[in-house]
Amino acid sequence: MTRQSVVIGCGSYLPDRIVTNEELARSVDTSDDWIRKRTGIRERRIAADDQKTSDLAVNAAKEALRAAGIGPDNIDLIVLATTTPDETFPATATRVQAALGMTKGAAFDVQAVCTGFIYALNVADNFIRLGQANTVLVIGAETFSRILDWEDRTTCVLFGDGAGAVVLQSLEQENEREMRGILSNHLHSDGRYKDCLYVDGGPSSSKFVGKLRMKGSEVFRHAVTNMVSVLEEALKCNNLSAKDIDWLVPHQANKRILDRTAQKLKLSPDKVVVTVDRHANTSAASIPLALSEASMDGRIQKGDIVVTDAMGSGFTWGASLIRW
Ligand code: COA
């Protein structure tokens, strides 16, 4: 018998406020045409002033628990990926734990920026495979609007706020060939590229939280290369090829990155789940938001081969291959 982590429920939450490209063009020197052509983004959601990352996360978590048909008491562990925690400490995951009414188990944050959800999924999967947890809530939640320089047109048009969550549960299975759940995880980082995408502040380096800074074209180039190579690594590890993929659910940074990645893998564009047009880049929240959308609307079905991949600041990048 092999113990695998199976997704038993997904949930998501987006703040009510929609900010269109036209609205942004009223405050910075940009246009709807430029943003759509270079990124595929039409609009993004922005959290209300009194909404924190944990508030978004709690809403997504509740929906995922409802979809899974279980209550917070069944959760052994919360792993929350975020770059925009409510405060420097405590971990935002513990705020979510309290808001859900949980008094047992453990909760902590993982920080790998836009690759955060893949890192969190990998950590949760390891806890389950080792028998240290049976049911884990994995959340990606961000309020990137708080760390954007709203006068910098090269970055402020790219990001949005939101949260997504999945519930993973252990399943003992016998049939190796039909095994459901997370089949493999692949994580990478290369800290030499930290200056390509970073926040110019933080508790140990300055008095301020700081704002996001980015060398866009350099990030773009590395994103395509790294995402293609990690997807090939995941396929090879499972003796699969691109034609076996039912759904690619990538981190949503830029539609051109998604198109280029699919093209290099010779993967049909209609197998790629796209939300960047409506959500923009929600960093660690983008993959669980997309997973949630595609599972709720019936595109992702039980038994499908689903591959998720991401690349972010650090650089960090990674992929998880799942038989749903
Ligand atoms: N509106 C209008 N013009 C803009 C603009 C905006 N919002 N942002 C930049 N420009 C201008 C630039 O100033 C530049 O003008 P110049 O030629 O007069 O200097 C021109 O558009 C081209 O800029 P460039 O940066 O070369 O454009 P690009 O095609 O590389 O697209 C990004 C810029 C940011 C959209 C693209 O590089 C990208 O998506 N990078 C990856 C970002 C990312 O995914 N980050 C997160 C990773 S997790």
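A salt bridge is taken here as a side-chain nitrogen of Lys or Arg within 4 Å of a carboxyl oxygen of Asp or Glu. The structure is a predicted model, in which local features need pLDDT of at least 70 and side-chain atom pairs count only at pLDDT 80 or more, while totals for chains, interfaces and linings use all residues. Residues are numbered from 1 along each chain as its sequence is written, and side-chain values use heavy atoms, with hydrogens and water left out.

The structure contains 19 salt bridges. Side chains of opposite charge can pair when their charged atoms come close. One of the bridges joins the side chains of Asp125 and Arg129, at 3.0 Å from N to O. Helix H5 spans residues 116–129, and because Asp125 and Arg129 are four residues apart in this helix, about one helical turn separates them. Helices are DSSP runs (H or I, at least four residues), as strands are (E, at least two), and are numbered from the N terminus. Asp125 is buried, with a relative accessible area of 0%, whereas Arg129 is partly exposed at 34%. Buried denotes under 20% relative accessible area, exposed over 50%, and partly exposed the range in between (1.4 Å probe, protein chains only). The accessible areas come from the Shrake-Rupley method with a 1.4 Å probe, and for residues only the protein chains shown count as cover.

In helix H2, Lys37 and Asp33 lie four residues apart, about one turn of the helix. Their side chains form a salt bridge of 3.1 Å, N to O. Lys37 is exposed, with a relative accessible area of 59%, and Asp33 is partly exposed at 44%. Salt bridges with shared partners link Arg42, Asp277, Arg278, Glu293, Asp297 and Arg299 into one network.

A patch of positive charge on the surface is formed by Arg38, Arg256, Arg260 and Lys264. Patches consist of residues with over 30% relative accessible area and no salt bridge, with like charges joined within 9 Å and nonpolar side chains (Val, Leu, Ile, Met, Phe, Trp, Tyr) within 5 Å. Lys and Arg count as positive and Asp and Glu as negative, without His and the chain ends; the place of a charge is NZ of Lys, CZ of Arg, CG of Asp or CD of Glu. Helix H8 (residues 255–265) supplies the largest share of the patch, three residues. Arg38 belongs to helix H2 (residues 32–39) and is partly exposed, at 43% relative accessibility.

Val228 is located in helix H7 (residues 216–237) and is buried, at 8% relative accessibility. Apart from residues up to four places away in sequence, Val228 touches Thr261, Lys264 and Leu265, where contact means heavy atoms within 4.5 Å. Val228 and Arg323 are 95 residues apart in sequence, and their C-alpha atoms are 20 Å apart in space. His279 lies in helix H9 (residues 276–279) and is buried, with a relative accessible area of 5%. With neighbours within four places in sequence left aside, His279 is in contact with Leu14, Glu43, Arg44, Gly160, Leu289 and Glu293.
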